[in-house]
Amino acid sequence: MSSEQVAALKTLLRERGKPKNPTVPEMRARIAEVGERFPAPQEAEVTPVTVAGRYAEWIAAPSCLADRAVLYLHGGGYVIGSCESHRNLAYNIAAASKAKVLLLDYRLAPESPFPAAVDDAVAAYCWLLDEGFSPSGLSIAGDSAGGGLAVAALTASRYRGQPMPAAGLCLSPWVDMEGIGASMAAKEDEDPTLNHELLLWFSDRYLAGADPRAPLAAPIYADLAGLPPLLIQVGTAEVLLDDSLRLAEHARTFGVNASLDIAHDMVHVWQLFEPILDEAGKAIARAGAFLRGRMR
């Protein structure tokens with residue numbers, strides 16, 4: 001790991017700042033800049049598709065196997081984010097896992113609050129099954145809110161009697177709508193992008209008055225029995241560090257094989273910054289190996 005790369009990334013993120021009194025359009029524009037700065041490479045195969053009424057994209061690398069797929073749920077606090085902002089990350093996961101990635105443009109709050117995102121994610125998983133993919137050749141993955149959504153989608157799919165996929169991948173998952181983890185305060189000075197105030201701004205818009213401990217909104221309160229193996233990646237410089245630690249512990253109480261991959265000094269969803277951060281590529285490689293080892 002290059003300490004110079006990490007320091008440069010943190011400086012870049014701190015210069016952007018943590019917005020005060022943000023608006024939804026402002027926040028959506030901020031995350032769109034990520035996609036503009038880090039576009040998918042020319043060799044990425046991007047195919048638009050309609051999935052259960054929602055726009056999505058198949059993202060593939062030349063090495064991808066036709067019978068394996070990852071449903072990817074982007075981050076953004078359930079309010080922001082899109083295929084454009086996460087296309088490069090989706091491509092890197094496709095290349096590392098040798099599985100096509102279905103990048104879903106699920107409905108966002110405040111226009112479509114909880115549980116719209118969960119419903120869209122479950123519908124997309126069912127669509128993949130209907131398309132002929134074997135559960136053993138599928139995984140569900142996501143980052144930040146998308147990481148929490150991946151666990152919620154797995155849980156909701158199990159509630160509805162759907163067969164479980166081979167694995168779940170959670171990158172810096174957000175699974176606590178109240179922000180009560182100890183790292184929320186302990187890591188605030190280290191985290192250059194998130195804080196308690198901003199997370200509550202997202203959760204207020206997503207929940208729209210719903211119970212912040214509803215199991216499909218905050219999966220640390222869900223019955224996770226029967227879920228497939230999970231890999232949870234998180235950095236030590238995140239206010240959401242405890243979300244990952246508590247999710248892993250909670251999943252294990254239900255007998256889930258939950259592995260923690262904790263990266264020293266890494267920021268929230270550092271995997272997005274693969275072009276300028278060596279550790280991002282290494283984390284994606286570890287995630288890809290995990291997915292390859294479970295999909296059949």
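Strands β1 and β2 (residues 54-60) are antiparallel partners joined by seven bridges, and Val46 faces Ile59 of β2. Strands here are DSSP E runs of at least two residues, and helices are H or I runs of at least four, numbered from the N terminus; two strands pair when DSSP finds at least two bridges between them.

A word on the source: this is a predicted model, where local features need pLDDT of at least 70 and side-chain atom pairs pLDDT 80 or more, while totals for chains, interfaces and linings use all residues. Residues are numbered from 1 along each chain as its sequence is written, and side-chain values use heavy atoms, without hydrogens and water.

The pair belongs to an open, mixed sheet of eight strands, ordered β1-β2-β4-β3-β5-β6-β7-β8. Because β1 (45-51) and β8 (258-263) each have a single partner strand, one side of each is left without a neighbour in the sheet.

On a 1 Å grid over the protein atoms alone, a cavity is a set of points where a 1.4 Å probe fits but cannot get out; a pocket is an open set with protein on both sides within 12 Å along at least five of seven lines, and lining residues have an atom within 4 Å of a point. A volume is the space filled by probe spheres set on the points, which are joined across faces, edges and corners.

| Space | Volume |
|---|---|
| Largest pocket | about 610 Å³ |
| Largest cavity | about 40 Å³ |

The largest pocket has 31 lining residues, with Arg16, Ile31, Val34, Thr193 and His268 nearest its centre. Helix α2 gives the largest share of this lining, six residues. Lining the largest cavity are Lys18, Pro19, Lys20, Asn195, Glu197 and Leu198.
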